[in-house]
Amino acid sequence: MSRHIHIYAFDMNCVGHINHGMWRHPRDTSSRYNTMEYWADLARTAERGKLDGIFLADIIGVYDVYKGDPSTAIASGAQTPVNDPLLIVPIMAYVTKHLGFGVTVNTTYEPPYLLARRLSTLDHLTNGRIGWNIVTGYLDSAACGMGLSAQPDHDARYDVADEYMDVLYRLWEESWEDGAVRVDRMAGVYADPSKVRPIRHEGQHYRLDAIHLSEPSPQRTPVLYQAGSSTRGRQFAARHAECAFIGASSPEAAASIVADIRAKAVAAGRAARSVKLFSGLSVVVGRTEKEAYDKFEDYRRYADIEGALAHYSSSIGIDLSRLDPDEPITYRKTNANNSALEAITTRSADSAWTVRRIIDQMVLGSRQKPVVGTPEQIVEVMRRWVEIGDIDGFNLPRTVAPESLRDFVDLVVPVLQEQGLFKHDYARGSLREKLFETDSPHIDAAHPAARFRRPA
Ligand SMILES: Cc1cc2nc3c(=O)[nH]c(=O)nc-3n(C[C@H](O)[C@H](O)[C@H](O)COP(=O)(O)O)c2cc1C
């Protein structure tokens, strides 16, 4: 295997992200998520380990499907409370030089005109290190916060997002020509108005007549990530994503999703490998197997199963408190995260999933079991995912913070490097140039955003 693996620390601006209950561990500091020092420290550690970046999840709404109200999520800190992910990026960018950022923003509740400026602002401040993880959301509780009674239908959310993307592409790529910004002190001309064009869009869901508020940033369109692996989600990824974060429970399950996204990308006129695929992996590592398992048993005592069930129930749109623990869970159309439900029903290769079996998996308070072992054993698991699943990289959720990221950086990264699986240093340039080994910060010519580019 000659390809380098891409690795992101996976985090969220909250206490309980994926592995619920870990915040109770005496060495965990994640309850300081609302301080600048916490994020600065995380970023410094990630860059010390040459990680590609920090990937920040986000959620709009609360988890109120389990037992019909949000009290379990609130009590356990399961992604509630949650602060804005974009606002912590400048803190992390300021203390690092190369680290990239993949930041989740939901398209359903915010007009593209405003988001275009916020992402351009971050691309300026990070000097081209910003990526956007495009999601369409999955919670009715979010819709209620926005004056609606329920969220739009699952596939319709993606239809709206398709148009949303076209508006953004035009704002980022078309509105300001290259060379528009002159900063000519003598002539008193900051920017040349003849090179700045309003975007006029009359679509089914959006209408605007406006110039982009920001001047062109280093990458213009940020690196586009996407998360959501339902059939409709994959179609969306194949058209728009440069990186897709998939939910798969095994390398074999990943392989079929990955092959499908790559095939759909080709059908959309893009190269199969123009989309990089990422999977989540929780890691507990020790210098010896005994050290790793002792650590795991120690962490395990803090796993919060109720918090994990509250998160999972909202993800799949089914109240797991109402099911018999031994009743097989069957696929039904919900308006939530379809791919999460498919993973334990229609796309599950082995025997039927029940609530009891799900709870058995939740050893660290997450529906995905961690990998536990020595650095060499962890690297072997990662290699299997890359070889069998054909994925390009991993998002590593924290367990006990910041210890789990430090352990990965100090113990696993050197072994990955020795085995030629991970870079020894950062490449030059923007996040896009680093990820795709190109010499332009701008989006690939075969991507739909590029059709709005204006010749200089
Ligand atoms: C691996 C993975 C990670 C996701 N992360 C988020 C997230 O951070 N925030 C969010 O609102 N939705 C997230 N989603 C779900 C997306 O919102 C998605 O647009 C929606 O639920 C539909 O997903 P689906 O296409 O898998 O059904 C994620 C989905 C997957 C598969």
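Predicted model: local features only at pLDDT ≥ 70, side-chain atom pairs only at ≥ 80, totals over all residues.
Biologist: OK, and where is Lys369 found?
Modeller: Look at the loop between helix H12 (355–361) and strand S13 (371–373); Lys369 is found there.

Biologist: Is Lys369 buried or partly exposed, and why?
Modeller: Lys369 counts as partly exposed because it has 13 C-beta neighbours inside 10 Å. The cut-off for buried is 20 or more.

Biologist: Let me step back. What pLDDT does the chain average?
Modeller: The chain averages a pLDDT of 96, and 99% of the residues score at least 70. As for the scores of the model, ipTM is 0.98 and pTM is 0.97.

Biologist: How many helices and strands does the chain have?
Modeller: You'll find 15 helices and 14 strands in the chain.

Biologist: And what does the C-alpha trace span along its principal axes?
Modeller: About 70 × 50 × 45 Å. The radius of gyration of the chain is 22 Å, which agrees with the value near 23 Å that a compact globule of 456 residues would have.

Biologist: How much of the chain counts as buried?
Modeller: Of the 456 residues, 50% count as buried. On contacts with a separation of 6 or more, 75% are between residues 24 or more positions apart.

Biologist: Changing topic to the ligand. Which residues come nearest?
Modeller: There are 20 residues around the ligand, and the nearest are Ala57, Gly228, Ser230, Gly233 and Ser339.

Biologist: Which elements supply at least two residues of that shell each?
Modeller: Strand S3 (100–106), strand S10 (243–246) and helix H11 (338–343) each do that. Sorted by class, the shell around the ligand holds 12 polar, seven nonpolar and one charged residues.

Biologist: Ser230 was in your list. Where is Ser230 found?
Modeller: Ser230 is in the loop between strand S9 (223–227) and helix H7 (231–240). Not counting residues up to four places away in sequence, Ser230 touches Asn338, Ser339 and Glu342.

Biologist: Is Ser230 buried or partly exposed?
Modeller: Partly exposed, because Ser230 has 18 C-beta neighbours inside 10 Å.

Biologist: What does UniProt list for "binding site"?
Modeller: The unreviewed UniProt entry lists Asp58, Thr104, His154, Tyr158, Ser229 and Ser230. That UniProt record also has the annotation "domain: Luciferase-like" (unreviewed entry), covering residues 29–389. In the model, the end C-alpha atoms of residues 29–389 lie 34 Å apart, and the span is 40% helix and 15% strand.

Biologist: Tell me about Asp58. Where is it, and which residues does Asp58 touch?
Modeller: Asp58 is in the loop between strand S2 (53–57) and helix H2 (71–76). Residues up to four places away in sequence aside, Asp58 touches Met12, Val82, Pro85, Thr104 and Val105. Asp58 counts as buried because it has 20 C-beta neighbours inside 10 Å.

Biologist: Now the backbone. Which residues does a cis peptide bond join?
Modeller: Pro81 is in the loop between H2 and helix H3 (89–94). Another cis bond joins Ala401 and Pro402, again with omega about 0 degrees. Pro402 has its place in the loop between strand S14 (393–397) and helix H14 (403–418).

Biologist: What about phi of Lys67?
Modeller: Phi of Lys67 is near 60 degrees, a positive value in a residue other than glycine. Lys67 is in the loop between S2 and H2. Lys67 is partly exposed because 17 other C-beta atoms lie within 10 Å.

Biologist: And phi of Arg220? What is it?
Modeller: Near 55 degrees, also a positive value in a residue other than glycine. Arg220 is in the loop between strand S8 (207–210) and S9. Arg220 is buried, because 26 other C-beta atoms lie within 10 Å.

Technical notes: Residues numbered from 1 in each chain as written. pLDDT = per-residue confidence, 0-100. Helix = DSSP H or I, 4+ residues; strand = E, 2+ residues; numbered from the N terminus. Rg over C-alpha atoms; globule rule 2.2 N^0.38 Å. Buried ≥ 20, exposed ≤ 12 C-beta atoms within 10 Å, placed from the backbone. Contact = placed C-beta atoms within 7 Å. Near = placed C-beta within 6 Å. Nonpolar A, V, L, I, M, F, W, Y, C, P; charged D, E, K, R; others polar. UniProt positions renumbered as here; feature names shortened; annotations may be inferred.
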